[in-house]
Amino acid sequence: MTTLIEPTTEPLTSVSHPLLVFFDGECGFCNHWINRVKDADHAHRIRFGTKQGKTFRQIAQAHPEVANVESIVVISRNALGREDVLVRSPAVRIVVEGLPDFRFFAFLLQIVPTPICNLGYRIFSKVRTPLFGRLSQCRVPTAEERELFVD
């Protein structure tokens, strides 16, 4: 799913931070995955926010189709400077693209058809909480990480 964020709204991305990833801040697996992505993103091209935060609530109001989706939600700056909304495997694909630590995973996402990846994503989203647990509160960024996180 790709929808365009209206250009009249305040941009959520920039040339230096072309990706904004929203994740379930209470999910144990999601927090672990985001930590790995953050550590692998040496160029700091990705910013992060929780789906429980104020910024995501504003996006969900403007785009109700992403409000309850069991997926990360990525706002991606395209070549024209507009912002696209991505979920499931297209969202994961754009996040891991260019991250050396995720090279094999990125390769798999390129060769496996999107409908199959999305099915796998949907199945995993149903079992992630029982497997990895829920956190009692959302992740709090350290002082050094604050510029990479939105509320």
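E145 is buried, with a relative accessible area of 12%; here buried denotes under 20% relative accessible area, exposed over 50%, and partly exposed the range in between (1.4 Å probe, protein chains only). The model is predicted: local features require pLDDT of at least 70 and side-chain atom pairs pLDDT 80 or more, whereas totals for chains, interfaces and linings use all residues. Residues are numbered from 1 along each chain as its sequence is written, and side-chain values use heavy atoms, with hydrogens and water left out.

E145 pairs with K38 in a salt bridge whose closest N and O atoms are 3.1 Å apart, the criterion being a side-chain nitrogen of Lys or Arg within 4 Å of a carboxyl oxygen of Asp or Glu. Because E145 belongs to the segment after α5 and K38 to helix α1, this pair ties together parts that are 107 residues apart in sequence. K38 likewise counts as buried, at 14% relative accessibility. Helices (H or I, at least four residues) and strands (E, at least two) are DSSP runs, numbered from the N terminus.

Across the whole structure, six salt bridges are found. One of these joins the side chains of R128 and D24, at 3.3 Å from N to O. Distant parts of the chain are linked by this pair: R128 is in helix α5, and D24 is in the loop between β2 (19–23) and α1, 104 residues apart. Both R128 and D24 are buried.

A further salt bridge is formed by the side chains of E26 and R134, with an N to O distance of 3.6 Å. Since E26 is located in the loop between β2 and α1, and R134 in the segment after α5, parts that are 108 residues apart in sequence are tied together. E26 is partly exposed at 26% relative accessibility, and R134 is also partly exposed, at 44%. A network of salt bridges links D24, E26, E70, R128 and R134.

The largest pocket contains about 690 Å³ of space. Its lining comprises 31 residues, of which F29, I72, V92, Y121 and F124 are the closest to the centre. A pocket is an open set of points on a 1 Å grid over the protein atoms alone where a 1.4 Å probe fits, with protein on both sides within 12 Å along at least five of seven lines; lining residues have an atom within 4 Å of a point. At least two lining residues come from each of α1 (28–40), α3 (88–96), α4 and α5 (114–132). The greatest contribution to this lining is that of α5, with eight residues.

Definitions and conventions. Points joined across faces, edges and corners; volume = space filled by probe spheres on them.
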